[in-house]
Amino acid sequence: MPMFVTLYKFTDQGIRNVKDSPNRLDTAIKAADAVGIKVLGAYYTLGEYDLVVVSESTNEEVAVAHTLAVNSLGNVRSVTMRAYTPADFAEIVKKIP
């Protein structure tokens, strides 16, 4: 299954309601699970980003749709990166001529 790392930043709305963030995260994880996304880890962070989520999805379209749904609520904006395990990456580089 494709793996993703998503970096989230609170919007002005999100930081005004930051006390609700743990509940919003729990709701988002349950919604992700319902559409075939397994959250492997979620971490609140200090620095440029406020939250990092590592997940696996049944496919990229499902991951994109879920990310758009979460962002459309207005509490966060995100950057999502496709991630590869070292073993998967080793297989990819074997294909380089």
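Strand 1 and strand 3 run antiparallel and are joined by six bridges. The model is a predicted one. Work through the exercises with the structure open.

**Exercise 1. Find the order of the strands in the open sheet, and name its edge strands.**

Solution. 
- Start with the pair above: strand 1 and strand 3 share six bridges.
- Go to the other partner of strand 1. Strand 1 and strand 4 pair antiparallel over eight bridges.
- Now take strand 3, residues 51–57. Seven bridges tie strand 3 to strand 2, again antiparallel.
- The order is 2-3-1-4, in an open sheet of four strands with antiparallel pairing.
- Read off the edges. They are strand 2 (37–44) and strand 4 (76–83), and each pairs on one side only.

Background: strands of a sheet pair through backbone hydrogen bonds, either parallel or antiparallel.

**Exercise 2. Decide whether T67 is buried or exposed.**

Solution. 
- Find the value. The relative accessible area of T67 is 15%.
- Apply the cut-off. Buried means under 20%.
- Conclude: T67 is buried.

**Exercise 3. Explain why strand 1 is described as largely enclosed.**

Solution. 
- Count the buried residues. In strand 1, six of the eight residues are buried.
- Draw the conclusion. Strand 1 is therefore largely enclosed by the rest of the structure.
- Look at the core. The largest nonpolar core has eight residues: Y8, F10, L25, A28, L51, V53, V70 and V76.
- See where they come from. Strand 1, helix 2 and strand 3 each supply at least two residues of this core.
- Follow one member. L51 touches residues including Y8, L25 and Y43, leaving aside neighbours within four places in sequence.

**Exercise 4. Trace the surroundings of V54.**

Solution. 
- Find its bridge partner. V54 pairs with G41.
- List the contacts, not counting residues up to four places away in sequence. They are M3, F4, V5, K38, V39, L40 and G41.
- Pick K38. K38 and V54 are 16 residues apart along the chain, and their C-alpha atoms are separated by 8.7 Å.

**Exercise 5. Find which charged residues lie over the rings of Y49 and F4.**

Solution. 
- Take Y49. The charged end of K9 sits over its ring, 5.2 Å from the centre.
- Take F4. R82 lies over its face, at 5.9 Å from the ring centre.
- Compare with the sheet. R82 in strand 4 is also the bridge partner of F4.
- Search for aromatic pairs. The whole structure has zero.

Key. Residues numbered from 1 in each chain as written. Predicted model: local features only at pLDDT ≥ 70, side-chain atom pairs only at ≥ 80, totals over all residues. Heavy atoms only, no water. Pairing = 2+ DSSP bridges. Contact = heavy atoms within 4.5 Å. Phe/Tyr/Trp six-rings, centres within 6.5 Å; stacked < 30°, edge-to-face > 60°. Lys NZ or Arg CZ within 6 Å of the ring centre and 35° of its normal. Buried < 20%, exposed > 50% of the residue type's maximum accessible area, 1.4 Å probe, protein only. Core = buried A, V, L, I, M, F, W, Y, C linked by side-chain atoms within 4.5 Å.
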